[in-house]
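Thank you all for coming; I would like to walk you through one model this morning, going element by element. Please keep the sequence and the coordinates open while I talk.

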Amino acid sequence: MPVARPESQEPRVIAHVDMDCFYVQVEQRRNPDLRGVPTAVVQYNSWKGGGLIAVGYEARNFGVKRSMRGDEAKRVCPDIQLVQVPVARGKADLNLYRSAGSEVVAILSTKGKCERASIDEVYLDLTDAAKSMLLESPPAMLDSIPEEALKSHVLGLSSGENKGEDDVRKWLCQPDADYQDKLLACGTIIVAELRVRVLQETKFTCSAGIARNKMLAKLASPMHKPAQQTVVPATSVPDLLASLPVKKMKQLGGKLGTSLQDDLGVNTVGDLLKFSEQKLQDLYGINTGTWLWKIARGINGDEVEDRLLPKSHGCGKTFPGPMALKTTSSVKQWVNQLCEELSERIQSDLNQNKRIAQTLTLHARAFKEDELDPLKKFPSKSCPLRYGTSKIQEDAMHLFESGLSDFLNSKNLGWGITSLAVGASKIVDIPNGTTSILKYLTEKRTSCNPSDCSDALPGEPDHATSLISQKDADTKSYKECKVPLESEVEENPKTKASRESASDSKGLFDRDANVKGTILRYFSGGCSSNQRSTSEVETNQLEEEEEKISSSTANITSSHPNLNLNQNKNALSENWIYNIEEIDLSVVDELPLEIQREIRGWIHPSKRINTAKRGSTVAHYFSPARK
């Protein structure tokens, strides 16, 4: 439900920039012969000519609408050019349009805080830029006003219709205007200049709305399309909202808007002025009631988030009518396809932007056969996201099976899936300076066969592997990066005896111990660049190392009696250990969460961590400091 946020007391300048028929423009840039020609972009599904997902303005002039399919559009406009959207994995591939949108965002973000709302629309907070312009070169002091700014539509000017550029110039340069309108005038010039730059550098046109908040700017941007901009002064707000259909307001297009119409007879946003805030709160709750009261007066406190990248990644597909999926195997086929695309996108985001997604969600629409309650929705399911295509596919199917079980409620009924979607959310930046733990294991891994090491962590960069569970891959890595066979190495008898004594120990460092959730899995003896046969190690060197390890063990045990350290020096000869005082805290945040908690438990002894359940403690995986 909508939530009312307090509007800033300081004047603001917010712009909403919306690309004009963006998919069509992208295709026209790819093929200049389409410029000026009636054009539409259609889905990959060829049934009845494909569904129209974007219609150019030239085609709209002939009556072509997005609700049509390709065959109908050709009947209305025989000369229309239908361009099929790119296809990948049996569904629309929008990467071409996402990349083109990024070009536009890169230009718009140069003038202020920028929030990318979708592939083809952006919010800008130009308050600081407008203030600077007002101080340094206000419109009244400019020798000339940009022509594009003079073409702006200023609501409320000359009874709602601009008489011409002279009237717009007078409004932009009026000396007795209040501070808010002066800032809006500066914002009008800034947006006009940005739109000209976008056209010059990308060949795309866009429209814009300029107002004091996001809500009003969003309402204004489509009012004069294409390639134009609309300004909303404070005095024009009541007239704008008085005649605005309630369903046109964001968040009122669904059940809430229907309730306002049916229960209160509210057909326009202005009709809400008839109701007090208390009355609206009584009917719709405190938050929603206050929000309704405020939007009727043009008040909106939503901030422009400084976000050039999407908050989440998602991909989906619909299966209408006879295409509905009715078997688990058919669902799995499409889940795998969707997860493959999702994996590529989050991996690209990680590589390019150093961001990592934390939650995997599966959405579906479904129906039940012979069911008295067919309106029950298929529940959305979420779980922690594990990087790697196979892991995402596996987890997504588990989510689907869980959702299907809840949907059917243990009844043996036929079912069908009409829509599937997977998404990755809770995307966070990897902190600056963070380095994968694998950086510190370079020497231990360089002698591995390249194919073996790449198989151990399939398709995942270091940042991901330091944060995401890799149980299956790491098990394979350990098995393949093994030490030489006994028959392959000639050992010194005394050294061999020491090694056998260590391998026989059943203490904490037993390699066969359960190490799930710890970093032991990254330490594989066979992955050392300095791998040598034990016959090359002199007996006295081995004894000196054992004495050092025993000394370090005693230090940790005396400081932390709760740590169950095996002090058999032969057992310790092949394992790494670290004194708590020598732990580098700068790398702690890279470790899995349970390891982080364990280490912080050492630092704050009052918070005792029971590590016995994990089978081992992280203390044993850090080598002693070299002196």
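What you see is a predicted model, in which local features need pLDDT of at least 70 and side-chain atom pairs count only at pLDDT 80 or more, while totals for chains, interfaces and linings use all residues. Residues are numbered from 1 along each chain as its sequence is written, and side-chain values use heavy atoms, with hydrogens and water left out.

Let me start with strand E1, residues 14–19; here helices (H or I, at least four residues) and strands (E, at least two) are DSSP runs, numbered from the N terminus. Of the 6 residues in E1, 6 are buried, where buried means under 20% relative accessible area, exposed over 50%, and partly exposed in between, with a 1.4 Å probe and protein chains only. In a regular strand the side chains alternate between the two faces of the sheet. In E1 both faces are covered, with Ile14, His16 and Asp18 buried on one side and Ala15, Val17 and Met19 buried on the other.

Which strands are joined to E1 by bridges? Strand E10, residues 206–211, runs antiparallel to E1 and is joined to it by 6 bridges, and strand E8, residues 121–125, is also antiparallel to E1, with 5 bridges; two strands pair if DSSP finds at least two bridges between them. As reference points, aspartate 18 has serine 207 of E10 as its bridge partner, and histidine 16 has tyrosine 123 of E8.

Now to another sheet, an open one of 4 strands, ordered E12-E16-E14-E15 with antiparallel pairing. Strands E12 (313–318) and E15 (381–384) each have a single partner strand and stand at the edges, so one side of each is left without a neighbour in the sheet. From one strand to the next, the twist averages 15°; axes are lines fitted to C-alpha atoms, for helices over the stretch in contact, and angles run from 0 to 180 degrees between N-to-C directions. E12 pairs with E16 (residues 415–425) over 6 bridges in the antiparallel sense, and there threonine 318 has serine 419 as its bridge partner. Helix H15, residues 389–408, lies across E14, E15 and E16, running at about 40° to E14.

Turning to helix packing, H1 (residues 22–30) and H4 (residues 95–108) pack at about 90°, with their axes 10 Å apart. The two helices are therefore roughly perpendicular, a word that covers 65 to 115 degrees, whereas under 35 degrees counts as roughly parallel, over 145 as roughly antiparallel and the rest as oblique. Their contact (heavy atoms within 4.5 Å) involves residues including Phe22 and Arg30 of H1 and Leu96 and Glu103 of H4.

As for cysteines, the structure holds 0 disulfides, a disulfide being a pair of cysteine sulfur atoms within 2.5 Å. For cysteine 339, the nearest cysteine sulfur is that of cysteine 315, 7.3 Å away. Cysteine 339 counts as buried at 0% relative accessibility, and cysteine 206 counts as buried at 2%.

Finally, serine 236 sits in the loop between strand E11 (229–231) and helix H10 (237–242). Serine 236 is buried, with a relative accessible area of 4%, and it touches Leu155 and Gly156, not counting residues up to four places away in sequence.
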